[in-house]
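This report describes the fold of one protein chain for a reader who is new to structural analysis. Please keep the sequence and the model in view while reading.

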Amino acid sequence: MNRLILLLMFASFLLFMVPSGATADVTYSGNYAFGLYKNFYTTDEAQTWISCAQAPCFDPTFIGPDGRYTRIYVVNDSTTGTNQNAGLYSIDIYNETVSGRLAMGAPDAALEHTQDCVVDGNGDAYVIYDYTPSVWKVTDPSGVATETQMLGNYGDTGLDDDPFNIDMVPAGYNVGGATYEVGVDLVLFDNGLDDNNWEAISVIDKTSTAAVPVYTTDWSNNGTVGLNATCNEVDGYAYAAHYGTGSILPTDTVGTEILPYLCRTKSDGVLERVFLNDASMALEIDNSLECNPADGSLWMPIREVGTQDHIYYRIDVVNATSLGGGDFLAELSAEIVIDGDDGYNVVTNGFGISPDGRYLAVCAADARDQLYVYIIPEPATMALLGLGGMLLIRRKKR
């Protein structure tokens, strides 16, 4: 019993004694965000070395002095001219420092406009480019970085591809006889495979090179104009938020309500819809969709047009209820609400969650040039808090 009391006291400490730093217009309105751990600049006011840090991705092989995952890789996007500083960088959360460029740099114009990156279990990074489509592997990026091109313009050589998200093949993705290697082969999400009207999900084999490309397209769709996507390490699905003009989520009628939905699929390319159980939510996705590898929940930022409010939602897709016909209904909760400040605008692929699910890293680079790191409770802590609540209820009933 004494041990239980100590654990409950520790859980209460986590709830109420989080580090300070959040401004007054930020509200933690749910049960899955404890507060702001820290925020700091990722460049100087003149944007001397990074103009737009995006796609934060935790290194699963690096543990900081505090016993947590504290190394993040980001890509610096360049939107005009030849940016000498475009490429791959790392950020040390614990020390609040940013590296020099590690790899994949300009002045080669083909190495501008980075979109996303992911890090595998060996600590190697993968970087994708959109305007001149390509996929690169960077071995040992924080040591002796070695760059290897895995894909160039991988579709019809006369047409332009638009890779937008990249992730590792998750366990459970293989169905129908597929034999992709989990955590080694790569899932590539394309906003325009050969033609801007074609979305696609492909898997890149680990052996692929620009000279001998090896990839398989599992799903494609003609007629929509964009997606943000991620893979789920818990349920094995590839998830995508399809959207139209203005990044607006699609909707359909469920019973008597009109609800937005995400889509998901596995290697067989069979698409399912996961409806979000809140008809009142704003529908403009703020350029990111990320999975918490600790519990399989999805995290998605939404921007309210007009108010400039930003809401970070948690979506419980793992426990979604079947509606039949390949449709599901998932509960969601508004975890972080930022009122009326568009300076918190999330950049492209601007969410990243640590392998243990403890940290949510957010790049708000365009206006603030800062990285925000929020505290997420671990599943064990949430179970503990639930137990504490049950004990309190039981005690009151006596």
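How many bridges join strand β21 to strand β22? Six bridges connect strand β21 (residues 298-303) with strand β22 (residues 310-315), and the two run antiparallel. Within this pair, Met300 has Tyr313 of β22 as its bridge partner. The model under discussion is a predicted one.

## The chain as a whole

The protein chain contains three helices and 28 strands. Of its 398 residues, 52% are buried. Among contacts between residues at least 6 apart in sequence, 53% join residues at least 24 apart.

## Two open sheets

Strands β21 and β22 belong to an open sheet of five strands, arranged in the order β1-β25-β22-β21-β20 with antiparallel pairing. The edges of this sheet are formed by β1 (26-28) and β20, each of which pairs on one side only.

Another open sheet consists of four strands in the order β2-β28-β27-β26, and its pairing is antiparallel. Why is one side of β2 and of β26 left without a neighbour in the sheet? Strands β2 (35-41) and β26 (351-353) stand at the edges and have a single partner strand each, so one side of each has no neighbour in the sheet. On average, neighbouring strands of this sheet are turned by 20° against each other, direction ignored. Strand β2 is joined to strand β28 (residues 370-375) by six bridges, and these two strands run antiparallel. In this pair, Lys38 has Val373 of β28 as its bridge partner.

Val362 lies in strand β27 (residues 359-364). Is Val362 buried or exposed? Its relative accessibility is 1%; because buried means under 20% relative accessible area, Val362 counts as buried. Not counting residues up to four places away in sequence, Val362 touches several residues, including Tyr312, Gly350, Phe351, Leu371 and Tyr372. Val346 is also among the residues that Val362 touches. The C-alpha atoms of Val362 and Val346 are separated by 7.0 Å, and the two residues are 16 residues apart along the chain.

The table lists the bridges of each pair.

| Strand pair | Sense | Bridges |
|---|---|---|
| β17 (residues 251-254) and β18 (residues 257-265) | antiparallel | four bridges |
| β18 and β19 | antiparallel | four bridges |
| β19 and β24 (residues 327-330) | parallel | four bridges |

Strands β17 and β18 form a hairpin with two residues between them, and Gly255 in the turn has a positive phi of about 65°. Across this pair, the bridge partner of Thr251 is Pro260 in β18. Strands β18 and β19 also form a hairpin, with six residues between the strands, where Gly269 takes a positive phi near 75°.

Tyr261 stands opposite Phe275 in β19. Phe275 also has a bridge partner in β24, namely Leu329. What is the setting of strand β19 in the rest of the structure? Four of the five residues of β19 (residues 272-276) are buried, so this strand is largely enclosed by the rest of the structure.

## The largest pocket and strand β11

The largest pocket holds about 580 Å³ of space. It is lined by 35 residues, of which Cys57, Val118, Asp167, Glu233 and Glu290 are the closest to its centre. The elements that give two or more residues to this lining are β3 (53-58), β7 (114-119), β11 (163-168), β15 (227-231), β20 (290-291) and β26. By class, the lining comprises 23 nonpolar, seven polar and five charged residues.

One of these elements, β11, contains Pro163. At 0% relative accessibility, Pro163 counts as buried. Leaving aside neighbours within four places in sequence, Pro163 is in contact with several residues, among them Gln115, Ile128, Tyr129, Leu188 and Phe189. Pro163 and Asp116 are 47 residues apart in sequence, and 8.8 Å separates them in space, C-alpha to C-alpha.

Notes:
Residues numbered from 1 in each chain as written. Predicted model: local features only at pLDDT ≥ 70, side-chain atom pairs only at ≥ 80, totals over all residues. Heavy atoms only, no water. Pairing = 2+ DSSP bridges. Axes fitted to C-alpha atoms, helices over the stretch in contact; angles between N-to-C directions. 1 Å grid on protein atoms, 1.4 Å probe; cavity = no way out; pocket = protein on both sides within 12 Å on 5 of 7 lines; lining within 4 Å. Points joined across faces, edges and corners; volume = space filled by probe spheres on them. Nonpolar A, V, L, I, M, F, W, Y, C, P; charged D, E, K, R; others polar. Buried < 20%, exposed > 50% of the residue type's maximum accessible area, 1.4 Å probe, protein only. Contact = heavy atoms within 4.5 Å.
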